[in-house]
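Here is a short note for a colleague opening this structure for the first time. Please read the points in order with the model in view.

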Amino acid sequence: MNFLREFFANNIVRRILFLLLVVLLLYSLRGMLNLLLLLFLVTFVMGRLEHFITKKISKLFPISSIVVNTILYGALIFGLVYGIVNYVPKLISQISDLYFSIIRFVNTPQSDEIAELVSSALGKLELEQYGSQALNYILKIGKWAEVIIFVIVLSYFYLIQKKTVNDFTDKLSKSKISWAYNEFKYFGKKFTSSFGKVIEVQLMIALFNTILTTIGLSILGYPYLFALTIMVFLLSLIPVVGVVISFIPISIIGYQIGGISTVIWAIVMILLIHAVETYFLNPKLYAHKTKLPMFYTFIVLIFSQHFMGIWGLIIGIPIFMFLLDIFEVEQSNAVSSKKEAVQLSGENVSPRSHHFPHNEDKEES
């Protein structure tokens, strides 16, 4: 009995068990996964944006965060309504045309040997089945509209009452379930600092890739530009694999409008964009975060897609980074660590604080 009592009193054991309970809870709520993930993403991104804008404006004159949040959410709602009224019909039309254009390419015999090889390879992927499923998914606008409205309202009221909500929640620390609240608070901070920041980086990289790719495609004279822009942005949220998937329709459309030369120019454009991302954008945005080896990236994506579907491709890597942070796996690059070690060699810095850059954020149990 003493052994079991000491075993479950261990901080690491308790937190692993609590994490497993959270996983079971989320699994039981898997029907609400879309709502929960969208709620976190919208709240996190809008909260960061509000903090940035408030900080900048406050240097000129004082402004309430409530006012900034109200303006931001008003702009978000206006943008959504305007987009639904003016662009959703156009988007559906272009996606349908793009889909049937790819199907025609697959089903029509090609005079070029390379195109024929690509066409036969794509024919084996059952694109018609996946494409029809994607179209049906897009057409469920009513269901998504309900989720989005609920997410926006809940996210807005949380941000304008953030201090009140946090003060009320902190009262749980003095209740009979304080042990559960403390664990939730610990994992919540870790989740925000790792998962949230990685998602933020993915969104920024996706936006960067989308803007440059859209400019490049417009220069090359691509049709279906609006649908391709949305597709590139969504697929850019998927590390590594998204680039490959997005290039399939881009190359097919390029071949149809300009032959092999247009496909080659599209390849050059995409390689240049991702070279800028790899050598300039990633080091700036990820800072101390490690860019996972390709092997780990594919393994994580395979398992996350199996268990969470499309969402798994987007949030699989951030969840993996969150687990690395929880288990205190060193996430700084070896080269950066050596440089920091040289810079800090004259200072009284412990090895533990060097290996774990986020160590100062950890709470003592």
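How many residues does helix 4 have, and how far does helix 4 reach from its first C-alpha to its last? The points below start there. Keep in mind throughout that this is a predicted model.

1. Helix 4 covers residues 65-86, which makes 22 residues. From first C-alpha to last, helix 4 reaches 31 Å. At 1.5 Å a residue, 32 Å would be expected, and the value is close to that. The N-terminal end of helix 4 is capped by serine 64. A side-chain oxygen of serine 64 lies 3.1 Å from the backbone nitrogen of isoleucine 66.

2. **Helix 4, two sides.** Which residues of helix 4 are buried? They are Val68, Asn69, Leu72, Tyr73 and Gly83. Viewed down the axis of helix 4, these buried residues fall within an arc of 120 degrees, so they line one face of the helix. The other side of helix 4 has Ile71, Phe78 and Val85, which are exposed.

3. **A contact from the buried face.** The side chain of tyrosine 73 makes a polar contact with the side chain of serine 155, at 2.3 Å. Serine 155 sits in helix 8, residues 141-160. Is serine 155 buried or exposed? Serine 155 is buried, with a relative accessible area of 0%.

4. **Helix 14, span and sides.** Helix 14 runs over residues 294-308. Helix 14 has 15 residues and reaches 21 Å from its first C-alpha to its last. That is close to the 21 Å expected at 1.5 Å a residue. Thr297, Val300, Leu301 and Ser304 are its buried residues. They cover an arc of only 100 degrees around the axis, which puts them on the same side of helix 14. Turned away from that buried side is a face with the exposed residues Phe295, Ile302 and His306.

5. **A nonpolar surface patch.** Which residues form a nonpolar patch on the surface? The patch is formed by Val240, Met294, Phe295, Tyr296, Phe298, Ile299, Ile302, Phe303 and Phe307. Together they have about 940 Å² of accessible area. Among them, Phe295 and Ile302 are also exposed residues on the face of helix 14 turned away from its buried side. Methionine 294 lies in helix 14 too. Methionine 294 is partly exposed, at a relative accessible area of 48%.

6. **Salt bridges.** How many salt bridges does a search of the whole structure find? The search finds two. In one, glutamate 200 pairs with arginine 48, and the closest N and O atoms are 3.1 Å apart. Glutamate 200 lies in helix 10 and arginine 48 in helix 3 (residues 33-58), so this pair ties together parts 152 residues apart in sequence. Arginine 48 is partly exposed, with a relative accessible area of 39%.

7. **The other pair.** Lysine 163 forms a salt bridge with aspartate 167, with 3.0 Å between the closest N and O atoms. Both residues lie in helix 9 (residues 162-170), four residues apart, about one turn of the helix. Lysine 163 is exposed, at 63% relative accessibility. Aspartate 167 is partly exposed, with a relative accessible area of 39%.

8. **Helix 15.** Proline 318 lies in helix 15, residues 310-326. Proline 318 is buried, with a relative accessible area of 0%. Phenylalanine 195 is 123 residues away from proline 318 in sequence, but their C-alpha atoms are 4.7 Å apart in space. Glycine 316 is found in helix 15 as well. At 4% relative accessibility, glycine 316 is buried. Its C-alpha is separated by 7.7 Å from that of glutamine 305, 11 residues apart along the chain.

9. **One backbone angle to check.** Where does tyrosine 224 lie? Tyrosine 224 is in the loop between helix 10 (178-219) and helix 11 (225-236). Its phi is near 50 degrees, a positive value in a residue other than glycine. Most residues other than glycine have a negative phi. Tyrosine 224 is partly exposed, at 21% relative accessibility.

Note on methods
Residues are numbered from 1 along each chain as its sequence is written. This is a predicted model: local features need pLDDT of at least 70, side-chain atom pairs count only at pLDDT 80 or more; totals for chains, interfaces and linings use all residues. Side-chain values use heavy atoms; hydrogens and water are left out. The expected span of a helix is 1.5 Å times one less than its number of residues. Buried means under 20% relative accessible area, exposed over 50%, partly exposed in between (1.4 Å probe, protein chains only). The arc is that of the directions from the helix axis to the C-beta atoms. A polar contact is a pair of N or O atoms within 3.5 Å; within protein, one must be able to donate a hydrogen and the other to accept it, and residues adjacent in sequence count only if both atoms are side-chain atoms. Patches are made of residues with over 30% relative accessible area and no salt bridge: like charges are joined within 9 Å, nonpolar side chains (Val, Leu, Ile, Met, Phe, Trp, Tyr) within 5 Å. Accessible areas come from the Shrake-Rupley method with a 1.4 Å probe; for residues, only the protein chains shown count as cover. A salt bridge is a side-chain nitrogen of Lys or Arg within 4 Å of a carboxyl oxygen of Asp or Glu.
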